[in-house]
Amino acid sequence: MNIMSFGEIAKITDSRYELATLVSNRARELVDGDDPLIDADLENPVSISMEEVYKGAVKFTSKERFEEIQAEKERRAEALKRELEQAEEEVEGDE
């Protein structure tokens with residue numbers, strides 16, 4: 001992995017703090033079991049997340065957009081839960 005120059009960082013964000021936050025949050029997701037979004041011969045989660053950011057696989061999002069995404073995930077999880085409950089009720093009814 002190449003070390004990003006300040007010029008390359010500026011193309012991603014104006015804030016090194018935001019970049020560090022994005023990279024560390026993504027590295028935490030990798031440690032927790034998420035699969036890498038890029039093909040890389042790297043093992044260190046921080047190096048992988050930095051490469052993902054550099055290649056554009058991971059991007060910043062606003063707080064509002066993040067909350068929309070989380071709400072949609074919750075709606076989908078609830079819909080799947082209801083569907084599973086209905087399927088279990090149908091199986092119990094068939095027995």
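Colleague: Angles under 35 degrees count as roughly parallel, over 145 as roughly antiparallel, 65 to 115 as roughly perpendicular and the rest as oblique. How are H2 and H3 oriented to each other?

Modeller: This is a predicted model, in which local features need pLDDT of at least 70, side-chain atom pairs count only at pLDDT 80 or more, and totals for chains, interfaces and linings use all residues. Residues are numbered from 1 along each chain, and side-chain values use heavy atoms, without hydrogens or water. Helices H2 (residues 16–31) and H3 (residues 45–54), as DSSP runs (H or I, at least four residues), pack with axes 8 Å apart at about 125°, the angle running from 0 to 180 degrees between N-to-C directions of lines fitted to C-alpha atoms over the stretch in contact. H2 and H3 are therefore oblique.

Colleague: How many nonpolar residues are in the contact of H2 with H3?

Modeller: Contact (heavy atoms within 4.5 Å) involves, among others, Leu19, Leu22 and Arg26 of H2 and Pro45, Ile48 and Glu52 of H3. Ala, Val, Leu, Ile, Met, Phe, Trp, Tyr, Cys and Pro count as nonpolar, Asp, Glu, Lys and Arg as charged, and the others, including Gly, as polar. The contact has 2 charged, 1 polar and 11 nonpolar residues.

Colleague: Which helix crossing does H2 make with H3, left-handed or right-handed?

Modeller: A crossing is left-handed if the near helix is turned anticlockwise from the far one by less than a right angle, and right-handed if clockwise. H2 passes H3 in a crossing that is right-handed.

How values were computed: Helices (H or I, at least four residues) and strands (E, at least two) are DSSP runs, numbered from the N terminus.
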